Each structure stands twice: as C-alpha cells, then as structure tokens.
Amino acid sequence: MTDHKIAERYARALLSLAQDKDNVSAVHDDLVGLAETIADCPELQSFLRHPTLTRAQQDDGIAAMFEGRLNALTFSFVKFLAERRRLAVLPAICTAFEDLYCEANDILRVTVTSALALTDTQAESIKIKLATKYGKTIEMDNQVAPSLIGGFTINVQDAIHDCSVKGKIDTMR
C-alpha cells in the first residue's frame, strides 16, 4: 500500500474521531502547525523517518517535542503513529487531513499569480467570481510573477486558467 493511501486512511480516521469529539478545528490547527514545523525542520524530518529508533525512543522524542503543545487528541494520535511505527507518514497525513477538512467545509484553495500585486478590490472580485462558479468558500493565495507581463493565472485544483499576456503570446506562437 502506498504512503498516500495509508495517509488518507489515517486522516479519515482522525477526522471522524475529531468530529465525534467536536474537536475538528483544534485538530486541524495542530496539523497545519505540525506540517509547517516538519517542513521547516530537517532534524524533525530525519527523526520521523529514522528506521532504527526504538518505540521507546520515538515515544520519548514525541513527548519531548509535542506534549503540552498539541491538543490532547492530536497528541494521542501522533503517539499512536509512533507505536505503529508510522511517523514517517505524518507529513502525508497532515496533507490528506487538510484536503478532507477543506472538502468537508466546502473550502476551495486557489492560487492567483499576477504580474503586479492585486488590489484588495481585485482580489475580492476574483474570489466572488470563483465562489459563484464553484459554489464554495474560496481561500486565495496571491503571488506576483512579473514574467507574466500583464494579467494573471488562476490555479484551481488541477486546472490552470491563464489570463496573462505571456500566455496569450505563447498561444499565438
């Protein structure tokens, strides 16, 4: 079984448990923070993937790093992963949980890349149009790429909507 499938199963189980305990928001916040911490800390990445650490060493490491810093449910979940020797899958579980959380809450994450920084009015206008089109709450990440010359691109899930001058020039070629 691939890490993606394993991560999705654990994420679904954690989401279900968090919903039962009415604790989804706190678990989500914890996992977002964990994902950021893991991405920013090569030592933690190494710890999570270390194949020769004993369960006791992993438990001690997890307790030292996260006890008191995570919600009780999230902390017990991470300890459960350590007991099952599945800590290496934790980053993928965080990603899978985020996807499930967005799906459950009708949130659509999009990335808008523009040649110039968008004004608040422009960003809000794009959000409204996307919300109308997709029927979901839009969370938008704005990026600036002067190489677009003018206009913008919108990345929505697996689709890219190119409304840039560079894209038009490339199409004409």
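Predicted model: local features only at pLDDT ≥ 70, side-chain atom pairs only at ≥ 80, totals over all residues.
**Exercise 1. Classify Y10 as buried or exposed, then describe its ring pairs.**

Step 1. The relative accessible area is 16%. The cut-off for buried is under 20%. Y10 is therefore buried.

Step 2. Count the aromatic pairs. The rule gives 2 aromatic pairs.

Step 3. Look at Y10 and F77. Edge-to-face needs an angle over 60 degrees.

Step 4. Y10 sits in helix α1 (residues 3-20), and F77 sits in helix α5 (residues 72-83). The pair therefore ties together parts that are 67 residues apart in sequence. F77 is buried, at a relative accessible area of 9%.

Step 5. Turn to Y10 and F80. This aromatic pair is edge-to-face, with 6.3 Å centre to centre and 70° between the planes. F80 is in helix α5 and Y10 in helix α1, so this pair ties together parts that are 70 residues apart in sequence. F80 is partly exposed, with a relative accessible area of 30%.

Step 6. Y10, F77 and F80 are linked into a cluster by ring pairs.

**Exercise 2. Locate H28 and list the residues that it touches, leaving out those up to four places away in sequence.**

Step 1. Find the element. H28 belongs to helix α2 (residues 24-40).

Step 2. Check the accessibility. H28 has 9% relative accessibility. Buried means under 20%, so H28 counts as buried.

Step 3. List the contacts. With residues up to four places away in sequence set aside, H28 touches F97, E98 and Y101.

**Exercise 3. Work out the strand order of the sheet and find its edges.**

Step 1. Write down the order. The sheet is open and has 4 strands, in the order β2-β1-β3-β4. The pairing is mixed.

Step 2. Find the edges. β2 (137-144) and β4 (159-164) each have a single partner strand, so one side of each lacks a neighbour in the sheet. β2 and β4 stand at the edges.

Step 3. Take the parallel pair. β1 (residues 107-114) pairs with β2 in the parallel sense, over 8 bridges. In this pair, S114 stands opposite V144 in β2.

Step 4. Take the antiparallel pair. β3 and β4 run antiparallel and are joined by 6 bridges. V156 has A159 in β4 as its bridge partner.

Step 5. Inspect the turn. The hairpin of β3 and β4 has 2 residues between the strands. In this hairpin, Q157 takes a positive phi near 55°.

Step 6. Helix α7 (residues 120-134) lies across β1, β2, β3 (151-156) and β4. Helix α7 runs at about 140° to β2.

**Exercise 4. Summarise the whole chain, then decide why it counts as more spread out than a compact globule.**

Step 1. Count the elements. The protein has 8 helices and 4 strands. Their order along the sequence is α-α-α-α-α-α-β-α-β-β-β-α.

Step 2. Along the principal axes, the C-alpha atoms fill roughly 60 × 35 × 30 Å.

Step 3. Look at burial and surface. Of the 173 residues, 37% count as buried. The protein exposes about 10500 Å², and carbon and sulfur atoms supply 52% of that area.

Step 4. Look at the contacts. Among contacts with a separation of 6 or more, 64% come from residues 24 or more positions apart.

**Exercise 5. Place R49 in the fold and give its distance from L118.**

Step 1. Find the element. R49 is in helix α3 (residues 42-49).

Step 2. Check the accessibility. R49 has 54% relative accessibility. Exposed means over 50%, so R49 counts as exposed.

Step 3. R49 and L118 lie 69 residues apart in sequence. In space they are 41 Å apart, C-alpha to C-alpha.

Methods
Residues numbered from 1 in each chain as written. Heavy atoms only, no water. Buried < 20%, exposed > 50% of the residue type's maximum accessible area, 1.4 Å probe, protein only. Contact = heavy atoms within 4.5 Å. Pairing = 2+ DSSP bridges. Axes fitted to C-alpha atoms, helices over the stretch in contact; angles between N-to-C directions. Rg over C-alpha atoms; globule rule 2.2 N^0.38 Å. Areas by Shrake-Rupley, 256 points an atom, 1.4 Å probe, with all protein chains shown as cover. Phe/Tyr/Trp six-rings, centres within 6.5 Å; stacked < 30°, edge-to-face > 60°.
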